[in-house]
Amino acid sequence: MGKKERQQKGNERVEAVLHLLQKQAPLSVKQEKYCNYGCVERFLRSKGDNVKKAAKQLRACLSWRESIGIENLIADEFSAELAEGVAYVAGHDEDSRPVLIFRIKQDYQKFHSQKLFTRLLVFTLEVAVGTMAKSTEQLVLLFDASLFRSASAFINLLLPALKIMAEYYPGRLYKAFVIDPPSLFSYIWKGVRPFVELSTVTMVVSSLDYEESLDFDDFSSYPRASSLRFDHSSIKSTAKVGSCASSRFSFTVSHHFDSVKPWYLTLTDTSTSPSPMGPARISPLNARSFSFASPAARTPRGNIDGGSTHSRLARKTLFPSTPLPQRSNGVDAIKPPPPRTPRPSFLQSPAMFFKKECHVSRTEKSRESFVPFLKFYRKPYDEMIYRSKMRPPLGGLISIVSQQIRRRHVSVSQRF
């Protein structure tokens, strides 16, 4: 099937959905503007190109929008939420998708009804949709759950939000991230996940996994955040920066203060003093205290071939039943044992034998997919920048009044 034939069939389905809607009840001017080609196509994709199901869901969506009064939503209704940064659009990613952040406290549900939260969610979604480019259809949600102590309270807030996205904004959600949820959230989410439609694009991540990440180093543009950074040039250090070596490991300090780890350990012997362990014999197995080492490790390696008779007698009296290694003068006497192949066991799953090395777990996928949106999560909130993204009438009276009317009003008032 060619591209033209697919497009023609898609246009026929869209026309069939609009015909069913007009047949049930005539659409108003605002409803016709909302039911454009892209909107109807998203409803068709969510219902598997079923015309009747898509028309039914679209009719339910239109009635729901009328019951909430989306056309009457303005920013003046959520002045307290906008001042605190409870829900806002943080910016756009590399693919021009808007990124929405919800930082709602647990006490919010005590003083506000579920209907008010729904209106706040819909208002933020409408602002994000208004900032989308013509070629963009999806958005990203970031739920900051670090302010919640109860997992059930956060679930009661998360599930209605995902349900609204699935039923009334189909095809809009690209990914949703739950950041730092309560400890019991994973158990509750595991139980309700099979019944959530958008569970496949909802991921749980922890901000502690990205503490050492240097991907976002743009704090210099924000004076509040840049003032919190440590300036090493302001303090003159008298400490000697260099390397410190011992017979077990080497401790090296980096000369770059802005590095993540200014020190590192190596298991190579860099000391000038002779080591009782012998040259090139330092490894994670013997680089430990002698008091916890094995009898063979406590014995100096240099005395295996020769040495005093006193050490040999002491070794015989202390460990008479332990067989001693064979004497050899060659350098290649001590060879690492070959890698052992694990024996097959019937207690393990047969899939273990066919497990690929490139297998990536679900948590690792979540961490990697959250990296592009980490900078939006760390960026400080600015109310004026968020209000500038609102199109009228969502921005309230401030966005409706144009700049020319303001200047004219000022000029007239100055005359008197």
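## Strand 2 and its partners

Val 99 stands opposite Val 140 in strand 3. Strand 3 covers residues 139–144 and runs parallel to strand 2, with four bridges joining the two. Strands here are DSSP runs of E with at least two residues, helices are runs of H or I with at least four, and both are numbered from the N terminus. Two strands pair if DSSP finds at least two bridges between them. This is a predicted model, in which local features need pLDDT of at least 70 and side-chain atom pairs count only at pLDDT 80 or more, while totals for chains, interfaces and linings use all residues. Residues are numbered from 1 along each chain as its sequence is written, and side-chain values use heavy atoms, leaving out hydrogens and water.

Strand 2 also pairs with strand 1 (residues 87–92), in the antiparallel sense, over five bridges. Val 99 is the bridge partner of Gly 91. Ile 101 is the bridge partner of Tyr 88. Five residues lie between strand 1 and strand 2, which form a hairpin. In the turn, Ser 96 has a positive phi of about 65°.

## Burial of the strands

How many residues of strand 2 are buried? Five of the five, residues 98–102, so strand 2 is largely enclosed by the rest of the structure. Buried means under 20% relative accessible area, exposed means over 50%, and partly exposed lies in between (1.4 Å probe, protein chains only). In a regular strand the side chains alternate between the two faces of the sheet. Pro 98, Leu 100 and Phe 102 point one way from strand 2. Val 99 and Ile 101 point the other way. Strand 1 is mostly covered, with five of its six residues buried.

## The nonpolar core

The largest nonpolar core has 81 residues. Such a core is a set of buried Ala, Val, Leu, Ile, Met, Phe, Trp, Tyr and Cys residues joined through side-chain atoms within 4.5 Å. Helix 8 (residues 151–168) gives the most to this core, with 12 residues. At least three residues come from each of domain 1 (1–70) and domain 2 (74–213 + 365–379); these bounds come from an automatic or database domain assignment.

Phe 123 is among the residues with the most contacts inside the core, as are Leu 139 and Leu 141. Contact means heavy atoms within 4.5 Å. Beyond its neighbours within four places in sequence, Phe 123 contacts residues including Leu 73, Phe 78, Tyr 386 and Met 390.

## Met 390

Met 390 sits in the loop between helix 15 (383–388) and helix 16 (397–400). Its relative accessible area is 5%, so Met 390 is buried. Not counting residues up to four places away in sequence, Met 390 touches Ala 75, Leu 82, Phe 123, Val 127 and Gly 395. Met 390 and Thr 131 are 259 residues apart in sequence, yet 7.7 Å apart in space, C-alpha to C-alpha.

## Helix 4 against helix 8

The axes of helix 4 (residues 51–68) and helix 8 come within 9 Å and cross at roughly 125°. That makes helix 4 oblique to helix 8. Helix 4 contributes Gln 57, Ala 60, Cys 61 and Trp 64 to the contact, and helix 8 contributes Ile 164, Ala 166, Glu 167 and Tyr 168. Axes are lines fitted to C-alpha atoms, for helices over the stretch in contact, and angles run from 0 to 180 degrees between N-to-C directions. Angles under 35 degrees count as roughly parallel, over 145 as roughly antiparallel, 65 to 115 as roughly perpendicular, and the rest as oblique.

Ser 46 belongs to helix 3 (residues 37–46). Ser 46 touches Gln 57 and Pro 170, not counting residues up to four places away in sequence.
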